[in-house]
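Hi,

Here is the structure I promised to pass on. Have a look at it first, and my notes follow below.

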Amino acid sequence: MKARLISKKRLKLLMHKIYYELTVTLDNNFVEFIADFISSVTDDGIELGKGQIIVRSESDLTFVKDALVSLVDGMNGSKGSIKMEMSYQIEEKENKDWIKSYQDSVQPIEAGKFYIFPSWYEPKEDFINIKIDPALAFGSGHHATTFSCLEAISEYVNVKQSVIDVGCGSGILGLACEKLGSSVELCDTDPLSVESCKENFTLNGETYDKLWEGSIDKAEGTYDIVIANIIADVLKFIAKDLKSACKEDGRLILSGILDKKESLVKEAFKDLTLEKRILKDEWVTLVYTKDVN
């Protein structure tokens with residue numbers, strides 16, 4: 001499983017004899033979406049697995065379950081929406097050292113030029129090392145979309161380029177660009193992601209040019225590389241802003257796209273030149289060039 005959060009608040013669990021665990025079983029395609037929703041409801045520990053989400057807390061988690069039930073009922077009742085099925089189980093458990101279990105579950109990965117590793121591992125020679133302690137903000141390199149973006153960054157991002165990472169999450173993609181010698185700006189609508197990004201840049205001894213809570217519409221300049229690892233519907237919604245932020249002859253790296261939603265994104269960016277398509281599992285990453293008029 002991929003652990004999503006370990007924080008000072010979660011360390012308090014070790015002081016309690018019992019804790020509560022909510023297990024949500026669902027279609028694997030919806031795991032990231034539902035995890036993001038849960039993170040908007042609570043800042044308790046979230047662990048992601050294939051077709052499964054586990055939430056742990058020192059407090060009863062019935063309110064999280066109720067929020068999920070309301071969300072699913074609303075989505076399933078919307079005309080034309082994808083039907084979603086989930087099952088829930090809440091258990092009261094005796095405490096144990098699940099922090100060690102968490103650490104054991106997070107393994108380093110190699111993606112393109114980069115070696116992504118948690119702080120309890122050592123850096124690796126012959127790679128560009130990025131230290132990330134997986135947290136609530138999405139982006140530890142393990143998910144197919146982040147992995148594919150790192151591969152694209154390895155190929156297309158160069159020294160002294162200007163880069164913006166839209167929906168930066170943990171900041172891992174911006175960190176990768178910074179370590180390649182680019183100047184980086186980042187933004188995310190989630191304040192927890194903004195804080196996580198700050199922490200990870202500090203952890204790696206790197207600096208960014210700008211970081212703000214919000215989206216691409218607050219950007220003041222244009223960029224050689226525009227990166228957006230979000231979801232297909234949001235990419236479509238902010239397509240105009242993403243394209244406007246990209247310099248002529250610049251590139252857009254777009255990810256977070258389920259293969260069945262790929263046509264939606266391609267239609268929104270059809271005025272650009274598709275340079276590369278990366279498919280990993282069921283997730284697509286598209287690299288576009290903005291041609292000179």
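Predicted model: local features only at pLDDT ≥ 70, side-chain atom pairs only at ≥ 80, totals over all residues.

Where is the place of T145? T145 sits in helix 5 (residues 144-156); helices here are DSSP runs of H or I with at least four residues, strands are runs of E with at least two, and both are numbered from the N terminus. T145 counts as buried because its relative accessibility is 2% (buried is under 20% relative accessible area, exposed over 50%, partly exposed in between, with a 1.4 Å probe and protein chains only). The C-alpha atom of T145 is 9.0 Å from that of I230, although the two are 85 residues apart along the chain.

Residues are numbered from 1 along each chain as its sequence is written, and side-chain values use heavy atoms, with hydrogens and water left out.

Next, a helix pair. Helix 2 (residues 31-41) packs against helix 3 (residues 62-76) at about 130°, their axes 10 Å apart (axes are lines fitted to C-alpha atoms, for helices over the stretch in contact, and angles run from 0 to 180 degrees between N-to-C directions). The two are therefore oblique to each other: under 35 degrees would be roughly parallel, over 145 roughly antiparallel, 65 to 115 roughly perpendicular, and the rest is oblique. On the helix 2 side, F33, I34, F37, I38 and V41 make the contact, and on the helix 3 side F63, V64, A67, L68, L71 and M75 (contact means heavy atoms within 4.5 Å).

Then there is an open sheet of three strands, order 6-7-8, with mixed pairing (two strands pair if DSSP finds at least two bridges between them). Its edges are strand 6 (109-111) and strand 8 (128-131), each pairing on one side only. Neighbouring strands are turned by 25° against each other on average, direction ignored. Strand 6 and strand 7 (residues 114-117) run antiparallel and are joined by three bridges, with E110 opposite Y115 of strand 7.

Helix 6 packs on this sheet, touching strand 7 and strand 8, and its direction makes about 145° with that of strand 8. Helix 6 (residues 172-179) is mostly covered, with seven of its eight residues buried: I172, L173, G174, L175, A176, C177 and E178. After helix 6 comes G181, with a positive phi near 100°.

Cheers
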